[in-house]
Amino acid sequence: MSATVSSRTRQTTTGLRPPPPVNGRKRRSWSWLRAIAITVVCLVFVLPLVWMFAAAFKTNVQVTDPSVGLWFSPTLDNFRSVIDAGLILKSMGNSLIVGALSTVLSAVIAVPAAWAVGRFRMHRAGSLILVARIVPGISLLVPWYYLFAQAGLVGSYTVLVLSHMFVSVPLILWIMISFFEGLPVELEEAARTDGLSAFGAFWRISLPLAAPGTATASLLAFVFSWNNFMFALIFADEHTQTVPVTLFNFISYASTDWGGLMAAATLITLPVLLAALLGQKYLVAGLTSGASKG
């Protein structure tokens, strides 16, 4: 009793008041609302993938029958027909070649350029990069097709790689600028003091520190190249067509091979999901670091 009286007297004399009680009911309500919002968002993104994977093991009749849900007798005929046709595997190889070349070349060009823009505060160059990101690629298809046709490049890997680099270079550059701006300049100054050149400081100090950002930007550029349909539809031929164009061939005027389409879409989605899972550590670190430094 005396301890309670003394504590109240101490609070009165010092002018301090006890903190207000925490509203547990309000906190629980916010937790439930947050959990419901996360569940809704996850369902919006996951349910189409689940439906696609399930439809890949159904017949065309089962795919179009709304009464057939997730309980059915699976079949591998769709995958057999898609693989036996040979087009999907060839187009996946073409997409891998174009995506890898365009991503590597874009990173070689964009990463040093991003370091220069971020380190030397080239704001006008950053504005030009933003303009390049805004310009729609479809507005350049006609002049590009004329120039590439005159050079005899239409239908080759070269034209696909160059067209994809038009988007990949500004994408990687714009992402990497914030990473290099957030790196402490004192590290490069110390390296310069030890005798390294400006490029040597970039190569030995800044580039290893920006590895998560480089991996994130490169993965996003590769995913763009893998999913790009417009450039491949215009510039590729039957020997160099990529996976989006091959998927489009399953849709005809008279009918659609839904089973083969879903099986091909599943085969096409698996490499991207595998790359995302393998690079998850760098992807999360890169996105988090870019958000905190930008």
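Helix α11 (residues 211-227) and helix α14 (residues 258-278) pack against each other in this predicted model. Their axes come within 11 Å and cross at roughly 175°. Axes here are lines fitted to C-alpha atoms, for helices over the stretch in contact, and angles run from 0 to 180 degrees between N-to-C directions. The two helices are therefore roughly antiparallel. That label applies to angles over 145 degrees; angles under 35 count as roughly parallel, 65 to 115 as roughly perpendicular, and the rest as oblique. Helix α11 contributes L219, V223 and W226 to the contact, and α14 contributes I268, P271, V272, A275 and A276. Contact means heavy atoms within 4.5 Å. The residues of this contact divide into 8 nonpolar, no polar and no charged. Ala, Val, Leu, Ile, Met, Phe, Trp, Tyr, Cys and Pro count as nonpolar, Asp, Glu, Lys and Arg as charged, and the others, Gly among them, as polar.

Residues are numbered from 1 along each chain as its sequence is written. Local features need pLDDT of at least 70 and side-chain atom pairs count only at pLDDT 80 or more, while totals for chains, interfaces and linings use all residues; side-chain values use heavy atoms, with hydrogens and water left out.

The chain has 15 helices and 0 strands. Helices (H or I, at least four residues) and strands (E, at least two) are DSSP runs, numbered from the N terminus. Of the 294 residues, 35% are buried. Buried means under 20% relative accessible area, exposed over 50%, and partly exposed in between (1.4 Å probe, protein chains only). Among contacts between residues at least 6 apart in sequence, 73% join residues at least 24 apart.

V111, P112, W115 and R119 of α5 meet A198, F202, S206 and L207 of α10. This contact divides into 6 nonpolar residues, 1 polar and 1 charged.

Side chains of opposite charge can pair when their charged atoms come close. A search of the whole structure finds 2 salt bridges (a side-chain nitrogen of Lys or Arg within 4 Å of a carboxyl oxygen of Asp or Glu). One joins R119 to E188, with the closest N and O atoms 3.2 Å apart. The pair links distant parts of the chain: R119 lies in α5, E188 in α9 (residues 185-193), 69 residues apart. Both residues are buried. E188 has a relative accessibility of 7%. Beyond residues up to four places away in sequence, E188 touches W115, R119, A201 and S206.

The other salt bridge pairs D77 with R80 at 2.8 Å, N to O. Both residues lie in helix α4 (residues 77-85), 3 residues apart, about one turn of the helix. D77 is partly exposed, at 46% relative accessibility. R80 is also partly exposed, with a relative accessible area of 46%.

F229 lies in the loop between α11 and α12 (230-235). At 30% relative accessibility, F229 counts as partly exposed. Leaving aside neighbours within four places in sequence, F229 is in contact with P244, V245 and F248. The C-alpha atoms of F229 and Q241 are separated by 9.6 Å, and these residues are 12 apart along the chain.
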